[in-house]
Amino acid sequence: MKRVLAAIVTAACCVAPAYAQSALVKCDGFPRRVDTAESVARGVLALGTLGLSGMGERPNPSARLKGAAGVTACSEALGDSTLTGNPVRRAEVYLARGIHSLEAGNAADAERDARSGLAVELPAEWQAQAARTLHPSLKLLAAIARLSQGDQPGAEALALEAMAARPGGSLLHQEGLAILALSTDISGAEAAVLDRRALKSSSAVAQRARQRLGAADYAGAAADYRMVKDAAREPWAQLFAQLALAQALAGDSAGADASIADAQEAADKLAIVAQGSGADARDAALAVSRADEFIQLARARQAVSAGRIDEARTLLSARTRWLVPAEWVAPVLESAGAGKGWAAPVDPAKLRADSRRAAADKVHGKGAPERLMLLLPRFEDADPASDIGKALAKPGGDSVKPAPARDASALRIGLTTRMAQVDTQDEALLLVAAQQAQKRGMPRFAIVGTNLSYISLERGGPSSVGGSIEIVFPEGPGAKLYESQASRSLDPATVVAEFGPLFAGGPAGGR
């Protein structure tokens with residue numbers, strides 16, 4: 001996530017202009033949008049740097065104020081129709097002011113601004129795009145504000161609404177699922193979101209595994225980690241050790257023993273690399289350390305299952321601090337009798353409480369507003385998706401570049417598009433994958449890798465961006481890999497039917 005934020009900041013920043021910044025730029029770092037009627041009258045002047053009421057200003061995130069000062073700047077912009085006469089821009093300013101209110105510790109004000117932004121009346125031709133981009137962001141802001149006021153159920157309902165508005169998205173779901181993960185139970189609606197996301201990437205399968213682990217669904221978590229392991233490009237010690245522990249917690253002793261052996265072998269190879277110097281050695285040492293903790297926990301849980309409680313307690317007593325997440329450590333400690341007569345070196349109840357506090361702080365704590373300002377999508381009109389669609393349909397175009405991968409067992413599809421929001425890129429990659437499957441006459445396909453570009457989407461940034469997706473088919477050299485992922489495979493015709501119309505063009509607006 002730190003790399004994501006750094007990329008966005010780097011791409012969005014520009015040289016500060018010589019004239020004074022408008023209230024809009026001080027509010028959220030972006031200038032005004034052109035009014036509908038004005039866009040024709042201004043013509044080429046729209047491209048100039050006039051410095052009048054924000055006309056011609058460039059994005060400048062470094063000029064954005066924070067907290068109460070940011071609230072004041074946004075309020076000034078809302079009070080000036082020359083700055084927020086465009087209704088889309090007005091709704092965006094409500095979003096920014098709400099985030100600043102969170103920074104200032106005023107969650108109730110943040111929720112009011114989120115609802116005010118949703119209530120802004122937009123022209124009919126802009127409403128569909130707002131419903132997929134800006135409105136889900138406003139709902140997520142309202143959800144986080146509800147969470148800050150102690151209303152977890154209300155926050156979860158709003159987060160689910162936001163994610164439902166763009167079921168093919170990724171960034172919105174990342175934020176929404178973080179809210180839902182604060183509750184240990186997985187509702188039917190949350191399970192549906194997790195299952196849909198798991199169709200799209202191995203990292204989403206790993207996320208579902210973590211949520212299942214937190215809900216004590218160890219068999220489900222083990223099944224997910226098995227799929228992630230099967231899709232991995234190379235031996236991954238920590239992943240193998242996580243699978244081993246999930247299997248041990250699920251009572252699959254034979255599977256856990258086999259995975260412990262795999263994890264130990266991978267960790268031993270990494271340990272050789274760790275004996276060197278430089279960044280690779282440091283990374284290897286960290287990976288070995290983390291894998292060793294999971295292996296130790298898995299062995300302790302296996303000892304409990306075999307009735308060797310003293311052996312398990314000896315293994316667990318060797319550490320007074322665990323760096324792996326509490327949802328892994330606490331159930332192993334409890335299975336060995338922690339809190340039931342055995343004075344474990346670490347209190348599992350405290351581990352769980354500390355973990356919950358840390359997770360909640362990440363979602364709505366001190367650092368959350370800056371993340372929300374950078375990551376929550378603003379309004380995106382239909383132009384980016386329309387242009388991507390035209391590029392995909394162009395005969396002989398070079399936007400799509402399929403090539404064999406993983407020793408020809410998979411197909412990697414590179415996609416170069418015009419600048420678009422991350423979720424739009426994600427949907428375009430999914431559409432391209434389905435089209436390539438259809439082109440090869442394949443009835444289904446499974447995604448085993450995705451690479452998206454997290455970068456600023458604003459004017460002044462790059463004009464194009466690249467991403468890639470790796471897929472496997474039920475026939476051919478990748479059939480074995482496909483079989484391991486078959487439960488999350490996709491029907492290409494269904495994908496094209498759902499996402500094809502999104503890239504067929506539509507009315508522009510909100511500029």
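The model is predicted, so local features need pLDDT of at least 70 and side-chain atom pairs count only at pLDDT 80 or more, while totals for chains, interfaces and linings use all residues. Residues are numbered from 1 along each chain as its sequence is written, and side-chain values use heavy atoms, with hydrogens and water left out. The protein has 25 helices and four strands; helices (H or I, at least four residues) and strands (E, at least two) are DSSP runs, numbered from the N terminus.

**Overall picture**

- Of the 511 residues in the protein, 50% are buried; here buried means under 20% relative accessible area, exposed means over 50%, and partly exposed lies in between (1.4 Å probe, protein chains only).
- Among contacts with a separation of 6 or more, 71% join residues 24 or more positions apart, where contact means heavy atoms within 4.5 Å.

**Helices H14 and H15**

- Two packed helices are described by the angle between their axes and the distance between the axes.
- Helix H14 (residues 218–231) packs against helix H15 (residues 237–250) at an angle of about 155°, and their axes are 8 Å apart.
- That angle makes H14 roughly antiparallel to H15.
- For reference, axes are lines fitted to C-alpha atoms, for helices over the stretch in contact, and angles run from 0 to 180 degrees between N-to-C directions.
- Angles under 35 degrees count as roughly parallel, over 145 as roughly antiparallel, 65 to 115 as roughly perpendicular and the rest as oblique.
- The crossing of H14 past H15 is left-handed, a label used if the near helix is turned anticlockwise from the far one by less than a right angle, with right-handed used if clockwise.
- On the H14 side the contact includes Tyr-218, Tyr-225, Arg-226 and Lys-229, and on the H15 side it includes Phe-240, Gln-242, Leu-243 and Gln-247.
- By residue class, the contact of H14 with H15 holds 12 nonpolar, two polar and two charged residues.

**Helices H19 and H20**

- Helix H19 (residues 326–335) and helix H20 (residues 348–364) have axes that come within 9 Å and cross at roughly 165°.
- H19 and H20 are therefore roughly antiparallel to each other, and their crossing is left-handed.
- H19 contributes Ala-326, Glu-327, Val-329, Ala-330, Pro-331, Leu-333 and Glu-334 to the contact, while H20 contributes Pro-348, Leu-351, Arg-352 and Ser-355.
- The residues of the contact of H19 with H20 comprise seven nonpolar, one polar and three charged.

**Helix H23**

- Helix H23 (residues 422–439) has 18 residues and reaches 26 Å from its first C-alpha to its last, close to the 26 Å expected at 1.5 Å a residue; the expected span is 1.5 Å times one less than the number of residues.
- H23 is mostly covered, with 15 of its 18 residues buried.
- Gly-441, with a positive phi near 70°, follows H23.

- Ala-216 is not a glycine, yet its phi is positive at about 65°.
- Ala-216 sits in the loop between helix H13 (202–214) and H14, and its relative accessibility of 44% counts as partly exposed.
- Asp-407, also a residue other than glycine, has a positive phi near 55°.
- The loop between strand E1 (400–405) and strand E2 (410–418) holds Asp-407, which is exposed with a relative accessible area of 81%.

- Asn-451 lies in strand E3 (residues 446–451) and is partly exposed at 44% relative accessible area.
- Beyond its neighbours within four places in sequence, Asn-451 is in contact with Leu-429, Gly-467 and Ser-468.
- Gln-21, in the loop between helix H1 (2–12) and helix H2 (23–28), is buried with a relative accessible area of 17%.
- Gln-21 and Asn-60 are 39 residues apart in sequence and 8.9 Å apart, C-alpha to C-alpha.
- Setting aside neighbours within four places in sequence, Gln-21 is in contact with Lys-26, Glu-57, Asn-60 and Ala-63.

Technical notes
Ala, Val, Leu, Ile, Met, Phe, Trp, Tyr, Cys and Pro count as nonpolar, Asp, Glu, Lys and Arg as charged, and the others, Gly among them, as polar.
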